[in-house]
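Subject: Structure handover

Hello,

Here is the structure for you to look over. My notes on what turned up follow below.

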Amino acid sequence: MANLRSLFSPRHMLVLSIALNVSLVLKIIRQRKNMREKVSRVSMEKPKDAQIDEESQIEASSIQQNMHPTPSPSAVNGGDADDGRNVINLDHGDPTMYEKYWQEMGDKTTVVIPGWQFTSYFSDAGNLCWFLEPELAKEISRLHKVVGNAITEGRHIVVGTGSSQLFLAALYAFTENDASEPFSVVSAAPYYSSYPAATDCLKSGLYKWGGDARNFTETGPYIELVTSPNNPDGFVRQSVVNRSGGILVHDLAYYWPQYTPITSAADYELMLFTVSKSTGHAGMRIGWALVKDPSIAKKMVKYIELSTIGVSKDSQLRAAKVLKVVSNSCGTAARPRENFFAYCHLLMAERWKLLREAVKQSGMFSLPEFEPGFCNFFQRLFEPLPAFAWLKCEGSVEDCESFLKSHNICTRSGRHFGVSPSYVRVSMLDRDRTFGCFVKRLSQIHL
């Protein structure tokens with residue numbers, strides 16, 4: 001009996017336990033090794049074309065799952081049914097829709113800036129725009145060439161704190177200090193709602209807001225703002241003032257393939273772009289102008305020098321990295337789901353489909369109809385997918401903004417765009433949850 005107890009002592013039990021565990025681990029390792037060898041043999045026996053086809057099918061399935069963000073009820077409402085009490089704010093064009101794509105890109109756009117870097121005001125003292133970072137200039141030119149939406153050869157690039165600053169710089173550059181009267185600034189209604197306020201903000205003696213370009217009859221000098229595709233209604237625009245003595249400024253913030261067919265490379269005297277709507281980085285506050293006339297570009301640079309002594313180099317470096325990643329994503333070596341414009345185009349197409357279905361189901365609203373155009377970038381025909389929906393309340397509703405506000409939906413009234421309050425502008429660029437909640441609630445509004 002004593003020998004039996006010594007045989008099962010704690011020391012012996014510990015040794016036995018270790019032995020059993022080691023044996024079990026070795027058995028598992030052998031099983032996994034055998035499984036890997038079987039899988040390897042099957043893969044080697046499979047024809048190469050079949051392997052590629054299978055990978056393509058998996059990739060295509062992944063693209064469909066990730067690029068068609070139809071919100072489920074739980075995703076839209078945070079897991080709860082929408083009771084209509086939470087406020088949906090789609091008044092601003094805050095492009096948070098793009099967050100998902102950039103999250104999936106991980107650290108590709110991460111920028112590390114040492115503390116000693118960018119202590120100087122100057123980026124390139126020999127350049128006309130002396131505060132423009134050379135890397136940003138390089139990536140701007142490259143992206144326009146990749147997309148084919150604007151000519152950069154023979155142009156001066158002027159960087160600004162968003163295209164809003166560049167718009168004012170353009171007005172300053174085109175007007176004359178010794179002019180007998182202020183230049184009239186006009187744009188065809190519905191025009192961008194910030195144009196009137198920005199133009200008259202400082203009560204400048206150089207220029208003044210002149211209203212709807214279609215109704216402009218004054219004989220003095222004028223500047224016509226051509227926004228194409230137009231904010232708020234999404235239509236492609238041309239100048240409408242039919243007389244000499246005018247200057248054109250083309251705001252092309254939305255001339256990118258996720259929103260509209262790229263039919264040709266824009267070739268105008270002055271063209272404005274911004275990262276806020278091209279890549280979704282509104283908080284970066286970076287825009288750029290492509291300017292043909294060096295004297296105009298020089299005056300724009302002077303305006304920016306007087307107002308902000310240049311543009312943040314930190315933001316420029318970030319913008320350069322983002323634009324580089326976008327251009328790289330369009331290359332043949334990029335995985336399909338990483339193609340920035342393809343990803344965002346499919347997302348916009350899905351959102352417009354959902355919105356049109358909701359409008360049809362409600363029966364109280366209408367949306368513009370667009371003619372399809374051939375896109376040189378995607379090499380196919382499609383209808384425009386604007387960043388904003390130009391929604392009209394039909395029937396007896398005269399103030400669409402107030403009507404939707406009674407349903408806790410915030411939009412921007414047509415009166416801010418120089419037209420009837422029966423219209424509202426609705427942002428299509430909010431997060432999936434907000435947009436999904438919006439189309440669901442809109443579909444449930446009836447007389």
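The lining of the largest cavity has 6 nonpolar, 3 polar and no charged residues. Here Ala, Val, Leu, Ile, Met, Phe, Trp, Tyr, Cys and Pro count as nonpolar, Asp, Glu, Lys and Arg as charged, and the others, Gly among them, as polar. The lining residues are Pro229, Asn230, Asn231, Gly234, Tyr254, Tyr259, Pro386, Ala387 and Phe388.

This is a predicted model: local features need pLDDT of at least 70, side-chain atom pairs count only at pLDDT 80 or more, and totals for chains, interfaces and linings use all residues. Residues are numbered from 1 along each chain as its sequence is written, and side-chain values use heavy atoms, with hydrogens and water left out.

Back to the cavity. A search of the whole structure gives 1 cavity of 30 Å³ or more. The space in the largest cavity is about 50 Å³. Domain 1 (88–104 + 337–443) and domain 2 (134–330) both contribute to its lining, so the largest cavity lies between them. The domain bounds come from an automatic or database domain assignment.

On terms: the grid is 1 Å, over the protein atoms alone; a cavity is a set of points where a 1.4 Å probe fits but cannot get out, a pocket is an open set with protein on both sides within 12 Å along at least five of seven lines, and lining residues have an atom within 4 Å of a point. Grid points are joined across faces, edges and corners, and a volume is the space filled by probe spheres set on the points.

Now the pockets. The largest pocket has a volume of about 510 Å³. Its lining has 27 residues, of which Ser163, Ser164, Tyr192, Ser276 and Lys277 lie nearest the centre. Which helix gives the most to that lining? It is α7, with 5 residues. α7, α8 (194–200), β7 and α9 (275–278) each supply at least two. (Helices are DSSP runs of H or I, at least four residues; strands are runs of E, at least two; both are numbered from the N terminus.) By class, the lining of the largest pocket divides into 11 nonpolar, 10 polar and 6 charged residues. Domain 1 and domain 2 each give at least three residues to it.

The second largest pocket has a volume of about 260 Å³. It is lined by 19 residues, with Ser228, Val236, Tyr255, Thr263 and Tyr268 nearest its centre. The classes here are 9 nonpolar, 7 polar and 3 charged. This lining also draws at least three residues from each of domain 1 and domain 2.

Next, the sheets. 7 strands form an open, mixed sheet in the order β2-β8-β7-β6-β5-β3-β4. (Two strands pair if DSSP finds at least two bridges between them.) β2 (156–160) and β4 (207–212) stand at the edges with a single partner strand each, so one side of each has no neighbour in the sheet. The twist averages 25° from one strand to the next. β5 (222–227) and β6 (246–251) run parallel, joined by 6 bridges. Within that pair, leucine 225 has valine 249 as its bridge partner. Helix α7 (162–174) packs on this sheet and makes about 160° with β7 (270–274). Angles run from 0 to 180 degrees between N-to-C directions, on axes fitted to C-alpha atoms, for helices over the stretch in contact. Contact means heavy atoms within 4.5 Å.

The other sheet is antiparallel and open: 4 strands, in the order β9-β12-β15-β14. β9 (365–366) and β14 (412–413) are its edges, each with a single partner strand, so one side of each is left without a neighbour in the sheet. 2 bridges join β9 to β12 (388–393). Serine 366 stands opposite lysine 392. α12 lies across β9 and β12, at about 5° to β12.

Some backbone details to check. Most residues other than glycine have a negative phi, and most peptide bonds are trans. Alanine 189 and proline 190 are joined by a cis peptide bond, omega about 0°. Proline 190 is in the loop between β3 and α8. The bond from serine 228 to proline 229 is also cis, with omega near -5°. Proline 229 is in the loop between β5 and β6, and it is among the residues lining the largest cavity. Phenylalanine 118 has a positive phi of about 65°.

Best wishes
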